[in-house]
Amino acid sequence: TAAVITRYEEVTRLDPGNHEDWITLAVLYADVSLPAQAMNAAQRAQETARSPAQRVSALIQIAGSLMNHGDNETALRLLDQALKHSAQADAPTGKDSAFNLTADIQIQRGDVLVRLRKPAMAAFQEAVDGKRKALELSPDDASLQYGLALALRQLAQNQANEGGAEAGTAALTQALDITGKIIAAEPETLRYRRFKASLLFQLAWREKEPNKAISFSNQVIEELTPVAAADGNHAYTLLLLLRAYSIKGDNESELDRLQEAEESLEKARGFGETLVNADPNNLSYYAWNMSNYTSLIFLFYGNSDYQKSLDVCNHAKSMIKSIIDPLPESLKNNKLYDLSRVSYYSGLNLYELNRIDEARAEYKVAFDTIETLISKESNQTIYLDRKVDILMERARTKDPGFSWKRAVDFMIELTSAQPGAVDVAERLEEAKQNAALESEPSV
């Protein structure tokens, strides 16, 4: 990348009026986390643009690259600049109209605001409204129809984030209806079929009734299987298949259809590992693969197949360790928590396999990692809850220095310091009973 940046720096020096080269250079700077340089190149891209629409397009593209690399604050500043340019657009209709350009910016602004944990509903609603106004002027424009469906999907996701999984279903249903009409007119356009599958997946994810969730998941799979063959295993197609099979497997497991659940989750695992191997630094692939690994671990453990569960734990740990070192400090905590969690599950399986020393070693990794996290965020209840579990298991394996009394003392201290933060009632009772037995003199 350094060599490519050097080349484009030279290209823009020799021909400073080339708009596309400034965009490329800004994206390259964003890719290597140089936000100040990216902003400077973005400014030159604006100066060399021939229209407000070109300026907006450039800023959206550069902001997207910044978002992909975690620099959401800089991305938001660029998108706010883009809003000023969209208001100057003079195209009366179509994709370059002020209505449509503003909507495109607001979709991406909404995504950035969500990442920054700021209110995003107004941005997504403005995006929907802008797309509707643009469509009133060009009702047969498929790209605008698709843009409205996309805005509705993002609005639905935000409604779900703020109001629970069932919220946003109406917006999703509208988006699905629009997309069906687009596909009827352009059945060979694969991105529309992928988009329809993404909407069906969202409905599957929201559905609480297992059989209905499985039905939606099957529709995703039915929609995408021919697409995967036609588009050369496009990464987004594989990601949607991973998600669909994972949701399907979770719901089959809930219905005690264990063989079917295993088959679905293993198919999801295959798609996930293909994606992670191709792009090991993609955090979205990591997150979905991690979720699917967790489902498989629970499925096998619950079915007393401890060796299979342990094998999945080992795969999960390898993935976590491969991704964690290059991450910036701000992104490491979630991955460290995953490592603690999977090491804990490994210990559970090893204990059931009567491999006690190995179980102790895994619990030590889990404990040391969770202690590191607590030292950074002492009031994070999910970390404290996990520490209780690990203390219980270290006591159960008679790990030197980890008694049931130690577990009891920690839980009493925790409930005193943060009443109600972590529910330890059942675990505390079990630990007290074992501590009493532990203190009895041996005969």
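1. Over which ring does the charged end of Arg394 sit? The ring is that of Phe402, with the charged end 3.7 Å from its centre. A charge counts as over a ring if NZ of Lys or CZ of Arg is within 6 Å of the ring centre and within 35 degrees of the ring normal.

2. A word on the source. This is a predicted model, where local features need pLDDT of at least 70, side-chain atom pairs count only at pLDDT 80 or more, and totals for chains, interfaces and linings use all residues. Residues are numbered from 1 along each chain as its sequence is written, and side-chain values use heavy atoms, leaving out hydrogens and water.

3. The protein chain has 20 helices and zero strands. These are DSSP runs (helices H or I, at least four residues; strands E, at least two), numbered from the N terminus. Its C-alpha trace spans about 90 × 50 × 40 Å along the principal axes.

4. Of the 443 residues, 49% are buried. Buried means under 20% relative accessible area, exposed over 50%, partly exposed in between (1.4 Å probe, protein chains only).

5. The whole structure holds ten aromatic pairs. Rings of Phe, Tyr and Trp (its six-membered ring) pair if their centres lie within 6.5 Å; planes under 30 degrees apart are stacked, over 60 edge-to-face, the rest tilted. Tyr146 and Phe195 are edge-to-face, because their ring centres are 5.0 Å apart and their planes at 75°. Tyr146 lies in helix H8 and Phe195 in helix H10, so the pair ties together parts 49 residues apart in sequence.

6. Tyr146 is buried at 16% relative accessibility; Phe195 is buried at 3%. Arg191 lies over the face of Tyr146, 4.7 Å from the ring centre.
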